[in-house]
Amino acid sequence: MTEEKEKIACHVCKKMIPKAAAVHSEGQEYVLHFCNTECLDYWKKEKKEKK
Ligand SMILES: [Zn+2]
C-alpha cells in the first residue's frame, strides 16, 4: 500500500486525516502533522507561550 492511504491524527485537534493531506511542521527535529494551517498556527502560538 502507498502512504496516501495512511491516516494520522492531527497534533492539535486529534482529527484523523490522510497523511498525504496533512500539514507538516518544519524546521523541527521531529515532524508533527496538522489537519490544516489553523491547527499549525495554534500549535506555534502554544509553543511560544509555553517557552
Ligand atoms: Zn487539527
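User: Which protein donors hold the zinc ion, and how far from it do they lie?
Analyst: They are Cys10 (SG), Cys13 (SG), Cys35 (SG) and Cys39 (SG), lying 2.2 to 2.4 Å from the zinc ion. Donors here are N, O and S atoms within 2.8 Å of the metal (3.2 Å for Na, K and Ca), and water is not among the atoms, so sites may look incomplete. This is a predicted model, where local features need pLDDT of at least 70 and side-chain atom pairs count only at pLDDT 80 or more, while totals for chains, interfaces and linings use all residues. Residues are numbered from 1 along each chain as its sequence is written, and side-chain values use heavy atoms, leaving out hydrogens and water.

User: What's the geometry of the zinc site?
Analyst: Tetrahedral, with angles of 102 to 117 degrees among the four donor atoms. Four donors get that label if all angles lie between 85 and 135 degrees. The ideal angle for four tetrahedral donors is 109.5 degrees.

User: And what spacing do the donors follow along the chain?
Analyst: C-x2-C-x21-C-x3-C.

User: Is Cys10 buried or exposed?
Analyst: Cys10 counts as buried because its relative accessibility is 1%, and buried means under 20% relative accessible area, exposed over 50%, partly exposed in between (1.4 Å probe, protein chains only). Cys13 is partly exposed, at 38%.

User: Switching topic: what's the order of elements from the N terminus?
Analyst: β-β-β-β-α, so one helix and four strands, taken as DSSP runs numbered from the N terminus (helices H or I, at least four residues; strands E, at least two).

User: What's the mean pLDDT of the chain?
Analyst: The mean is 88, and 88% of the residues reach 70 or more; pLDDT is the predictor's confidence in each residue, from 0 to 100. Strand β4 (residues 33-34) has the highest confidence at 96, and helix α1 (residues 37-50) the lowest at a mean of 92. Where pLDDT is low, predicted coordinates should not be read in detail.

User: Which residues make up the largest nonpolar core?
Analyst: There are ten: Ile8, Cys10, Ile17, Ala22, Leu32, Phe34, Cys35, Cys39, Leu40 and Trp43. Helix α1 gives the most to this core, with three residues. A nonpolar core is a set of buried Ala, Val, Leu, Ile, Met, Phe, Trp, Tyr and Cys residues joined through side-chain atoms within 4.5 Å.

User: How many aromatic pairs in the whole structure?
Analyst: One. Phe34 and Trp43 form a tilted pair, 5.4 Å centre to centre with 45 degrees between the planes. Rings of Phe, Tyr and Trp (its six-membered ring) pair if their centres lie within 6.5 Å; planes under 30 degrees apart count as stacked, over 60 as edge-to-face and the rest as tilted. Phe34 is buried at 0% relative accessibility, and Trp43 is buried at 10%.

User: Where is Ser25, and what does it touch?
Analyst: Ser25 is in the loop between β3 (23-24) and β4. Not counting residues up to four places away in sequence, Ser25 touches Tyr30, Val31, Leu32, Phe34, Leu40 and Trp43, with contact meaning heavy atoms within 4.5 Å. Ser25 counts as buried, at 6% relative accessibility.

User: And which strand does His33 lie in?
Analyst: Strand β4. Beyond four places away in sequence, His33 touches several residues, including Cys10, Lys19 and His24.

User: Where is Lys19 found?
Analyst: Lys19 is in the loop between β2 (16-18) and β3. Lys19 and Lys7 are 5.2 Å apart, C-alpha to C-alpha, and twelve residues apart in sequence.

Notes. Tetrahedral: all angles 85-135°; square planar, octahedral: opposite > 155°, others 65-115°.
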